[in-house]
Amino acid sequence: MARDLKPILNSILSAAASKLNDAGVPPGRVVLSPGTTPATDDCCKGQLTLRIVEMYPTSTFPQFDQTQRGADGGCIHILDIHLALGVHRCAYTLSDKGVPPTPAQVTEDGNEMADDAMLLLDAIICDIKELPGLLGLKLGRWEPPGETGGCQRGEWDFHVAIAPCLCQD
């Protein structure tokens, strides 16, 4: 029988949301997002997003297992779940009169993103890595794809290892 991922994923979201709440920058929305690009439904209230980038078997976490253990019907002993955890926030844009944001406003956006990056990093390395059911965690990189339509976002890329099967060989 396969393990249910939802409790692990929801615990990751909860740990990250708690970190943002404790810092006084609570997200208005907290979502497990399907697909490769998270939808920005309401960035001005803040949106915390977790998404699955990919999953694959591994025998040497976080490397892909070329032997395809489990293909013969047996269990895969370790599953790598590659995740992205990020925050969407409002960004200053052109005014209705076509005036660009001031340097101070752009810097404010940059400072807010840097704060979010460090808060989520703290959640990942201090709280998420200690969650029950995780066999390992490997941190990737912070990537801010930029501002789009008045919203800015950035996300941490990281891998967690779990035992995907509740069966025995």
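The model is predicted: local features need pLDDT of at least 70, side-chain atom pairs count only at pLDDT 80 or more, and totals for chains, interfaces and linings use all residues. Residues are numbered from 1 along each chain as its sequence is written, and side-chain values use heavy atoms, with hydrogens and water left out.

**Disulfides**

- The count comes to two disulfides, a disulfide being a pair of cysteine sulfur atoms within 2.5 Å.
- One of them joins cysteine 43 to cysteine 151, with an S to S distance of 2.0 Å.
- This link of cysteine 43 and cysteine 151 is left-handed, with -75 degrees about the S-S bond.
- Cysteine 43 lies in the loop between strand E1 (29-33) and strand E2 (47-57), and cysteine 151 lies in strand E5, so the pair ties together parts 108 residues apart in sequence; strands (E, at least two residues) and helices (H or I, at least four) are DSSP runs, numbered from the N terminus.
- Cysteine 44 and cysteine 90 form a disulfide with their sulfur atoms 1.6 Å apart.
- That pair links the loop between E1 and E2, which holds cysteine 44, to strand E3, which holds cysteine 90, 46 residues apart.

**Accessibility of the cysteines**

- Buried means under 20% relative accessible area, exposed over 50%, and partly exposed in between (1.4 Å probe, protein chains only).
- Cysteine 43 is buried at 5%, and cysteine 151 is buried at 15%.
- Cysteine 44 counts as exposed at 55%.
- Cysteine 90 is partly exposed at 27%, and cysteine 126 is partly exposed at 39%.
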